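Dear colleague,

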Amino acid sequence: MEHGPASVPAALPYYVAFSQLLGLTVVAVTGAWLGLYRGGIAWESSLQFNVHPLCMVIGMIFLQGDALLVYRVFRREAKRTTKILHGLLHVFAFIIALVGLVAVFDYHKKKGYADLYSLHSWCGILVFVLYFVQWLVGFSFFLFPGASFSLRSRYRPQHIFFGATIFLFSVGTALLGLKEALLFKLGTKYSTFEPEGVLANVLGLLLVCFGVVVLYILAQADWKRPSQAEEQALSMDFKTLTEGDSPSPQ
């Protein structure tokens with residue numbers, strides 16, 4: 001049986017639901033880890049550091065992953081509405097991650113600790129800068145009305161590739177930070193299956209699973225959001241206006 005142009009692939013809703021279950025579990029387990037073994041979170045105390053992992057997991061992992069899935073989930077809505085939602089989720093993720101960065105730098109300053117010496121911190125700054133640049137370039141090409149149709153078409157594959165790469169990089173950086181935090185506190189006791197170490201290892205596996213499921217959904221070509229007839233017509237009109245080409249059948 002052939003599906004309509006905006007029909008939903010049978011397995012897609014289950015994978016999306018599973019990704020959300022994993023993502024929410026990651027956030028919950030992060031909160032549980034910080035609450036049970038790190039004293040919780042607060043801004044004006046020694047607990048300020050704990051704001052960093054929580055914000056990074058919510059922003060750079062969960063919300064970034066959801067932003068990538070927008071075009072798989074919203075298949076019948078207007079393309080511009082979907083673009084705006086995609087961009088807004090990235091904005092929320094960026095702001096929350098920025099709070100996490102400010103928290104850790106401020107905490108280090110108050111304690112007199114060195115900044116940006118570990119592999120985790122180098123990767124973290126790099127992925128944060130790449131994320132910001134990716135958003136700016138994406139906004140310029142796809143939401144700001146100045147880019148030509150052919151320029152958008154040429155850049156779109158790079159935008160998709162770098163979006164998935166930055167997400168994967170974010171998951172890897174979170175794993176580095178998690179291990180660093182465990183080694184700093186537990187030291188040699190990490191190898192004795194301390195309860196905190198076990199819980200954090202589970203969190204690490206959940207992070208990997210969330211990343212894998214999101215990337216799997218993105219990798220399925222037949223799960224991409226199909227172009228609707230009116231969108232194709234608008235695209236051809238836009239191409240005519242910006243480049244002077246005559247609309248031709250696809």
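This is a predicted model: local features need pLDDT of at least 70, side-chain atom pairs count only at pLDDT 80 or more; totals for chains, interfaces and linings use all residues.

Residues are numbered from 1 along each chain as its sequence is written, and side-chain values use heavy atoms, with hydrogens and water left out.

The unreviewed UniProt entry places the feature "transmembrane region" at six spans, residues 12-36, 56-74, 86-105, 125-147, 159-178 and 198-219; such annotations use the numbering given here, have shortened feature names, and may be inferred rather than shown by experiment. Residues 12-36 are 100% helix and 0% strand, where helices (H or I, at least four residues) and strands (E, at least two) are DSSP runs numbered from the N terminus.

Helix α1 covers residues 12-37, and its 26 residues reach 37 Å from first to last C-alpha, close to the 38 Å expected at 1.5 Å a residue (1.5 Å times one less than the number of residues). Its buried residues, among them L12, G23 and W33, pack against α2, α5 and α6. After α1 comes G39, with a positive phi near 85°.

H108 lies in helix α3 and counts as buried because its relative accessibility is 16%, buried being under 20%, exposed over 50% and partly exposed in between (1.4 Å probe, protein chains only). Beyond its neighbours within four places in sequence, H108 is in contact (heavy atoms within 4.5 Å) with F49, Y113, A114 and D115.

Best wishes
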